[in-house]
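The following exercises are to be worked through with the sequence and the structure at hand. Each task is followed by a solution in steps.

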Amino acid sequence: MRKLIPAIVLLSLVSCKKSEETTTPKVDSVKIIDSINTARTKINDSILSSRAFKDLSGTHTLTHDQVNGSGKISFIKIGPDEYKISGENKSGSNFVKIEGIARMTSPKNLKFDGSITQSISDYDNGKLDVRKGKRNFSTKDGGKTFKLYESVNNAGFGDKILIKL
């Protein structure tokens, strides 16, 4: 046992010897994270752009079943599948006016938040009818025509309000 002690002390001195430093280049982790985030952003943007619905930007036709002729309604893109819309159809004293924000939620649905103002001489002697809040426009023809889903006005009559693209 006494012969092992010098051997153990010798081994411990050799094993505690400082090893040579390695010359590994230091890597800036911030640059790596930034490059990964840039790549992720590109991938996410390409996925979101492929999910986008038909672009509705531009001027379209607005009709109302109690207003002769047709008017114009403009869609101005303000975000992904989101538009600021405003338009009017007027004939004599009868008119319908739409202003607000619309968002495509599916290829068949356009969610509208704003106001629909109308005056139809056959409804309450042309009393001004204002509908504010959220409404739905839906399509059954692949997005060529969007019809107001909640069509009953404040006078209790059903309106047929269409946006034709």
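**Exercise 1. Determine whether Lys97 is buried, partly exposed or exposed, and identify its salt-bridge partner.**

Solution. The structure is a predicted model. Step one concerns accessibility: Lys97 has a relative accessible area of 34%. Buried requires under 20% and exposed over 50%, so Lys97 is partly exposed. Step two concerns the partner: Lys97 forms a salt bridge with Glu99, and the closest N and O atoms are 3.4 Å apart. This separation is to be judged against a limit of 4 Å.

**Exercise 2. State how many salt bridges a search of the whole structure finds, and describe the one between Arg131 and Asp159.**

Solution. The search finds two salt bridges. In the one under discussion, the side chains of Arg131 and Asp159 meet at 2.6 Å, N to O. As for accessibility, both Arg131 and Asp159 are buried.

**Exercise 3. Classify the aromatic pairs Phe75–Tyr83 and Tyr123–Phe157 by ring geometry.**

Solution. The structure holds three aromatic pairs. For Phe75 and Tyr83, the ring centres are 5.8 Å apart and the planes stand at 70°. Planes over 60 degrees apart count as edge-to-face, so this is the class of the Phe75–Tyr83 pair. Phe75 and Tyr83 are both buried.

For Tyr123 and Phe157, the ring centres lie 4.6 Å apart, with the planes at 10°. Planes under 30 degrees apart count as stacked, and the Tyr123–Phe157 pair is therefore stacked. This pair links distant parts of the chain: Tyr123 is in the loop between β5 and β6, and Phe157 is in the loop between β7 and β8, 34 residues apart. The accessibilities complete the description: Tyr123 is buried at 8%, whereas Phe157 is partly exposed at 37%.

**Exercise 4. Describe the strand arrangement, and then the hairpins of β2 with β3 and of β3 with β4.**

Solution. Begin with the whole: eight strands form a closed barrel in the order β1-β2-β3-β4-β5-β6-β7-β8, with antiparallel pairing. Neighbouring strands of this sheet are turned by 25° against each other on average, direction ignored.

Next, take the hairpin of β2 and β3. Strand β2 (residues 67–79) and strand β3 (residues 82–91) run antiparallel and are joined by seven bridges; one of the bridge pairs is Lys72 with Glu88 in β3. Two residues lie between these strands, and Asp81 takes a positive phi near 60°.

Then take β3 and β4. Strand β4 (residues 94–106) pairs with β3 in the antiparallel sense over 10 bridges, and Val96 in β4 stands opposite Asn89. This hairpin has two residues between its strands, and Gly92 in the turn has a positive phi of about 65°.

**Exercise 5. Locate Thr63 and determine whether it is buried or exposed.**

Solution. Thr63 lies in strand β1 (residues 58–64). Its relative accessible area is 13%; the limit for buried is under 20%, so Thr63 is buried. Finally, leaving aside neighbours within four places in sequence, the contacts of Thr63 include Gly69, Ser70, Asn89, Ile161 and Leu162.

Terms used: Residues are numbered from 1 along each chain as its sequence is written. This is a predicted model: local features need pLDDT of at least 70, side-chain atom pairs count only at pLDDT 80 or more; totals for chains, interfaces and linings use all residues. Side-chain values use heavy atoms; hydrogens and water are left out. Two strands pair if DSSP finds at least two bridges between them. Helices (H or I, at least four residues) and strands (E, at least two) are DSSP runs, numbered from the N terminus. Axes are lines fitted to C-alpha atoms, for helices over the stretch in contact, and angles run from 0 to 180 degrees between N-to-C directions. Buried means under 20% relative accessible area, exposed over 50%, partly exposed in between (1.4 Å probe, protein chains only). Contact means heavy atoms within 4.5 Å. Rings of Phe, Tyr and Trp (its six-membered ring) pair if their centres lie within 6.5 Å; planes under 30 degrees apart count as stacked, over 60 as edge-to-face and the rest as tilted.
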